[in-house]
Amino acid sequence: MFKTETRQRKENLRGKQKLMATSKLQALWNHPAGPKTIHFWAPTFKWGISIANIADFQKPPENISYLQQIAVTCTGMIWCRCSTIITPKNWNLFSVNVAMAATGIYQLTRKIKYDYVSEAEAAVEIEG
């Protein structure tokens, strides 16, 4: 008797878990910024820019473009703000733009350190 009740409880729990998972997937699917809309796919593909920027962390700093990284950084910052104002809230758009701004700032920092800090160190070595 006890084993039967325990088994039934486990089966009921599994059924509830499946329903919860199904309802969460349905909620995502039917969300105004879900996979059936451009509001999902545009930021998803925009992750490619951030991933490419991360891959460029291995690139020598002299090959980094100021204009490109300023554009990536500004785009990320501007759209972070816009993504919090629009309806429906699109957290995928917000997160990809945070990543864009962060990777752009990092790349700009690398480029500035290479261009200006290394020149200052070279000047000190020449004087000394």
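A search of the whole predicted model returned 1 salt bridge. The pair consists of D115 and K111, whose side chains meet with an N to O distance of 3.8 Å. Side chains of opposite charge can pair when their charged atoms come close. D115 and K111 both belong to helix α4, and because they are 4 residues apart there, about one helical turn separates them.

A polar atom of the N90 side chain lies 3.3 Å from the backbone nitrogen of N92. When neighbours within four places in sequence are set aside, the residues in contact with N90 are A33, H39, P43 and S83.

The surface was also examined for nonpolar patches. I38, W41 and F45 make a nonpolar surface patch of about 380 Å². One of these residues, F45, is located in helix α2, which comprises residues 38-55. F45 has a relative accessibility of 63% and so counts as exposed, since the cut-off for that class is over 50%.

Note on methods
Residues are numbered from 1 along each chain as its sequence is written. This is a predicted model: local features need pLDDT of at least 70, side-chain atom pairs count only at pLDDT 80 or more; totals for chains, interfaces and linings use all residues. Side-chain values use heavy atoms; hydrogens and water are left out. A polar contact is a pair of N or O atoms within 3.5 Å; within protein, one must be able to donate a hydrogen and the other to accept it, and residues adjacent in sequence count only if both atoms are side-chain atoms. Contact means heavy atoms within 4.5 Å. A salt bridge is a side-chain nitrogen of Lys or Arg within 4 Å of a carboxyl oxygen of Asp or Glu. Helices (H or I, at least four residues) and strands (E, at least two) are DSSP runs, numbered from the N terminus. Patches are made of residues with over 30% relative accessible area and no salt bridge: like charges are joined within 9 Å, nonpolar side chains (Val, Leu, Ile, Met, Phe, Trp, Tyr) within 5 Å. Accessible areas come from the Shrake-Rupley method with a 1.4 Å probe; for residues, only the protein chains shown count as cover. Buried means under 20% relative accessible area, exposed over 50%, partly exposed in between (1.4 Å probe, protein chains only).
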